[in-house]
Amino acid sequence: MMSTARFLATAFAVLASSHAAAGLHVVATTPEYGAIAAAIGGDKIAVATLAKPTEDPHFVDAKPSHIVTLNRADLLIEGGADLEAGWLPPLLDGARNPKIAAGAPGHIRASEGIQLLDVPAVLDRSQGDVHAAGNPHFMMDPANARIVAEHIAKVLCSLDAASCPAFTANLQAFLAKLEGKTKEWEAALASFKGTPIVTYHPTWRYFAKRFELVSDVFLEPKPGIPPSPPHLAEVMRKMNEGKMRVVLVEPFQSRKTAEAVANRTNAVVVDVCQFPGGLPGTKDDYIALMDADVKAIIAGLSAQK
Ligand SMILES: [Zn+2]
């Protein structure tokens, strides 16, 4: 029989070697990029994610451990379009890792190649607008997830050519599943075409465009600015006038505010999330997350019929 101490030593040795065998160390700023990278990289990469799924991606709590993670990374995937502008730059400076510096082969800006919505004619952050460079929540459209997945696979192949056949096979499997599910989501939402949804933050603009819902009313007066009583009064007036009957809220937004608005407008609050792991059963799985969001939104809209 192996002694406990020897067993543990062996276990750690196995863990250490499997860690080394994992190959590229990939860091994602937010969980949907981490989930897609893991789906493509499989056992050829090790993935770490900086933001929690229950954290506001514009205001992530930067920790010393993030700097250590970034220091050891071979590849960084960020959303770009200013999503991480408030917290990533100092972490990157602290990490001193040329492999993932801006412009390096190991730095992916997911927004590259994406048609951004809400790009203002004039860049203006003076009033605290966190979408001054356009709306960075493009991953809520599965067509954009496809573009980003292809982008990630291409860069993984460039960093580890020997594993490229595996990356390519995993990418094809992911895209095939995504395409099939997108058809299901389109069919499930088809009868709600043109229906308005009210959301806390303009997170669902790309989702609404893809599935032909209308997302023009937000509890925040400007992206990143907390709701004010005069603004909420205006929102409730629009909701009553336009018969808007659902308010979408994410784990890191004020459900209390959403409930107060819904209670006075005969609407229902729908719990959604833009990140895998932010809803039950969606951890590390972008497609499962979208599936859960579609189901939650349909349940909310159906409750009003
Ligand atoms: Zn935002």
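This is a predicted model: local features need pLDDT of at least 70, side-chain atom pairs count only at pLDDT 80 or more; totals for chains, interfaces and linings use all residues.
Residues are numbered from 1 along each chain as its sequence is written, and side-chain values use heavy atoms, with hydrogens and water left out.

**Around serine 215**

Serine 215 sits in strand β6 (residues 214-218). Helices (H or I, at least four residues) and strands (E, at least two) are DSSP runs, numbered from the N terminus. With a relative accessible area of 3%, serine 215 is buried. Here buried means under 20% relative accessible area, exposed over 50%, and partly exposed in between (1.4 Å probe, protein chains only).

**The zinc site**

Four histidines hold the zinc ion through their NE2 atoms: His58, His131, His137 and His201, at 1.9 to 2.0 Å. Donors are N, O and S atoms within 2.8 Å of the metal (3.2 Å for Na, K and Ca), and water is not among the atoms, so sites may look incomplete. The angles among the four donor atoms run from 102 to 116°, and the site is tetrahedral. For that label, all angles of four donors must lie between 85 and 135 degrees; four count as square planar and six as octahedral if opposite donors are over 155 degrees apart and all others between 65 and 115, and anything else is irregular.

Along the chain, the donors follow the spacing H-x72-H-x5-H-x63-H. Histidine 58, in the loop between β2 (45-49) and α3 (64-71), and histidine 201, in the loop between β5 (196-199) and α7 (205-211), are 143 residues apart, and the pair links distant parts of the chain. Histidine 58 is buried at a relative accessible area of 5%, and histidine 201 is buried at 6%.

**The chain as a whole**

The protein chain has ten helices and eight strands. Its radius of gyration is 21 Å, close to the 19 Å that the globule rule gives for 305 residues, so the chain is as compact as a globular protein of that length. That radius is taken over C-alpha atoms, and the globule rule is 2.2 Å times the number of residues to the power 0.38. Taken along the principal axes, the C-alpha atoms fill a box of roughly 70 × 40 × 40 Å.

Of the 305 residues, 48% count as buried. Among contacts with a separation of 6 or more, 61% come from residues 24 or more positions apart. The accessible surface comes to about 14200 Å², and 58% of it belongs to carbon and sulfur atoms. Accessible areas come from the Shrake-Rupley method with a 1.4 Å probe; for residues, only the protein chains shown count as cover.

Helix α6 (residues 164-189) has 26 residues and reaches 36 Å from its first C-alpha to its last, close to the 38 Å expected at 1.5 Å a residue. The expected span is 1.5 Å times one less than the number of residues. Buried residues of α6 include Phe167, Leu171, Phe174, Leu175, Leu178 and Trp185. An α-helix has 3.6 residues a turn, so residues three or four places apart point the same way. The cover over the buried residues of α6 includes α2 (31-41), β2, α5 (142-159), α7 and α10 (286-302).

Valine 148 belongs to helix α5 and is buried, with a relative accessible area of 1%. Leaving aside neighbours within four places in sequence, valine 148 is in contact with Tyr33, Ala110, Ile114, Phe138 and Met139. The C-alpha atoms of valine 148 and isoleucine 36, 112 residues apart along the chain, are separated by 8.5 Å.

Alanine 81 lies in the loop between β3 (75-78) and α4 (88-95), and its phi is positive, about 55°, although alanine 81 is not a glycine. Aspartate 284, in the loop between β8 (268-271) and α10, also has a positive phi, near 60°. Glycine 278 is found in the loop between β8 and α10, and touches Pro53, Pro251 and Cys273, not counting residues up to four places away in sequence.

| Residue | Relative accessible area | Class |
|---|---|---|
| Alanine 81 | 12% | Alanine 81: buried |
| Glycine 278 | 16% | Glycine 278: buried |
| Aspartate 284 | 54% | Aspartate 284: exposed |

Key: Contact means heavy atoms within 4.5 Å.
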